[in-house]
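Please look over the sequence and the model before continuing.

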Amino acid sequence: MMSRSSGAAVASHYEDMPLSLVLFRYLWPFWLFKDASRGDRMTRAAAYRHNRSMRIYLPGYLMKWMFSCVTTFGITAGFGSLSTAQAASTGRSLDVFAIIAAGWGIIFACSVCVLFITSYIYFYLSRNDA
């Protein structure tokens, strides 16, 4: 049997990246694709073939964004119920829980948009060319 320890440790590609780039690539599916609307006909065809080969990674991103949607919806509903409970007990005009719920609602709406766009791209690239 051969030993893999040759003195130099093999570093992962992700170990060299900053954390912000790793998180960006973990959550944002659109970095995988090339622009198929620019260039001559051969360049566009090559970009389209590349995009079709990258579509296999989209279900993983769809699951991540589905989890994000469920989580943000739950947080929004939680803060919304706290807001109504506080409004019933106190008659204050500024409700912090309602503002927090609105912020999480905006994040939920953005997550739903990314989820729909990603699923559309997946179905578009999965169609058969006849």
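**A guided reading of the chain**

The side chains of D35 and R38 form a salt bridge, with 2.8 Å from N to O. A salt bridge is here a side-chain nitrogen of Lys or Arg within 4 Å of a carboxyl oxygen of Asp or Glu. Side chains of opposite charge can pair when their charged atoms come close. A search of the whole structure finds one such salt bridge. R38 is exposed, at a relative accessible area of 62%, while D35 is partly exposed, at 43%. In these terms, buried means under 20% relative accessible area, exposed means over 50%, and partly exposed lies in between, with a 1.4 Å probe and protein chains only.

The model is a predicted one: local features need pLDDT of at least 70 and side-chain atom pairs count only at pLDDT 80 or more, whereas totals for chains, interfaces and linings use all residues. Residues are numbered from 1 along each chain as its sequence is written, and side-chain values use heavy atoms, with hydrogens and water left out.

The chain contains four helices and zero strands, so that its elements run α-α-α-α from the N terminus on. Helices (H or I, at least four residues) and strands (E, at least two) are DSSP runs, numbered from the N terminus. Of the 130 residues in the chain, 20% are buried.

Helix α1 covers residues 19-27 and includes F24. F24 is partly exposed, with a relative accessible area of 40%. Together with L21, W28 and W31, F24 forms a nonpolar patch on the surface, with about 340 Å² of accessible area in total. Patches are made of residues with over 30% relative accessible area and no salt bridge; like charges are joined within 9 Å, and nonpolar side chains (Val, Leu, Ile, Met, Phe, Trp, Tyr) within 5 Å. The areas come from the Shrake-Rupley method with a 1.4 Å probe, and for residues only the protein chains shown count as cover.

Helix α3, residues 58-89, contains M66 and also T72. T72 counts as buried, at 5% relative accessibility, and a polar atom of its side chain lies 2.9 Å from the backbone oxygen of S68. M66 counts as partly exposed, at 40%. The C-alpha atoms of M66 and L115 are separated by 6.9 Å, although the two residues are 49 apart along the chain.

L115 belongs to helix α4, where A101, S111, V114, T118, S119 and L125 are buried as well. How does the span of helix α4 agree with its number of residues? The helix has 31 residues (96-126), and at 1.5 Å a residue it should span 45 Å; its end C-alpha atoms are 45 Å apart, which agrees. The expected span is 1.5 Å times one less than the number of residues. At the start of α4, a side-chain oxygen of D95 comes to within 3.4 Å of the backbone nitrogen of F97.

The cysteines remain to be described. A disulfide is a covalent bond between the sulfur atoms of two cysteines. It is counted here as a pair of cysteine sulfur atoms within 2.5 Å, and by this rule the count is zero. C69 is in no disulfide, as the nearest cysteine sulfur, that of C113, is 9.1 Å away. The sulfur of C113 has its closest cysteine sulfur in C110, at 6.3 Å, which is too far for a bond. C69 is buried, with a relative accessible area of 6%, whereas C113 is partly exposed, at 44%.

Conventions: A polar contact is a pair of N or O atoms within 3.5 Å; within protein, one must be able to donate a hydrogen and the other to accept it, and residues adjacent in sequence count only if both atoms are side-chain atoms.
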